[in-house]
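This briefing accompanies a predicted model. Please keep the sequence and the structure in view while reading the points that follow.

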Amino acid sequence: MQSWKILASRPLLDRRPWLTVWEEDVRLPDDAIIHGYLRSRARDYSMVFALLADGTVPLVRQYKHGPGRPSYDLPAGYLDGPDESPLSGAQRELHEETALVADEWQALGHLVIDTNRGEDRAHIFLALGARHEGAPHLDPTEALEATYHTPDALRAMVRSRVIDSMASVAGIMLALAALSERQDAARHHPFASDAPDPRESNAK
């Protein structure tokens, strides 16, 4: 499949690192031309589905100015620049928002937030063996509360649209699928009878 050809590009807004907006004139494969096609670039962020030994998962609830109301999300935050890895960002944000650390981390991939406008990504992680250590360290602009839910409760919150953030919904469903795969693998292991439920894993 052929890509579009960029004929011209003009800056419109530069508020780095938060948001950059520009427009492009582009030629499509059938030679049609679109003038002033809007593009944007924002910051990548990491998001964490963290499973505690008691089988619960934290959500953070805080006011979100986009929809103009409080929202439930998985713990998440922007990467601290191009030199911070998504995993490091996920570990930092989880501890800052919930005071949790975890023994085992699994990358569940990244999601492109808006494929029409840019390549900004949400990096999703599953954290197992999560436990409290120390205290949260919130930014001055953050006012949030952490709540804890079972995986079944999270699934119900997604289905009832109590959780309606696209990245959080995708992160929850990816993590639940990964946990199910771990359970299936444990059942088929030759020592499956001795294998712990992955939802209660403290494996290092």
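**Leu52 and its setting**

Leu52 has a relative accessible area of 9%, and because buried means under 20%, Leu52 counts as buried. This residue lies in strand S4, and the C-alpha atom of Leu52 is separated by 41 Å from that of Asp14, although the two residues are 38 residues apart along the chain.

- Strand S1 (residues 5-15) and strand S2 (residues 19-27) run antiparallel and are joined by 9 bridges, and the two strands form a hairpin with 3 residues between them.
- The bridge partner of Asp14 in S2 is Thr20.
- S2 also pairs with strand S3 (residues 33-41), again in the antiparallel sense, over 7 bridges, and Trp22 stands opposite Arg39 in S3.
- S2 and S3 form a hairpin with 5 residues between them, and in the turn Asp31 has a positive phi of about 75°.

**Helix H2 and its surroundings**

- In helix H2 (residues 151-159), the buried residues are Pro151, Leu154, Met157 and Val158.
- Seen down the axis of H2, these buried residues fall within an arc of 115°, so they line one face of the helix.
- Asp152 and Arg159, on the other side of H2, are exposed.
- The buried residues of H2 pack against strand S4 (45-52), strand S5 (57-64), strand S6 (69-73), strand S11 (144-149) and helix H3 (166-188).
- Just after H2, Arg161 takes a positive phi of about 65°.

Definitions and conventions:
Residues are numbered from 1 along each chain as its sequence is written. This is a predicted model: local features need pLDDT of at least 70, side-chain atom pairs count only at pLDDT 80 or more; totals for chains, interfaces and linings use all residues. Side-chain values use heavy atoms; hydrogens and water are left out. Buried means under 20% relative accessible area, exposed over 50%, partly exposed in between (1.4 Å probe, protein chains only). Helices (H or I, at least four residues) and strands (E, at least two) are DSSP runs, numbered from the N terminus. The arc is that of the directions from the helix axis to the C-beta atoms. Contact means heavy atoms within 4.5 Å. Two strands pair if DSSP finds at least two bridges between them.
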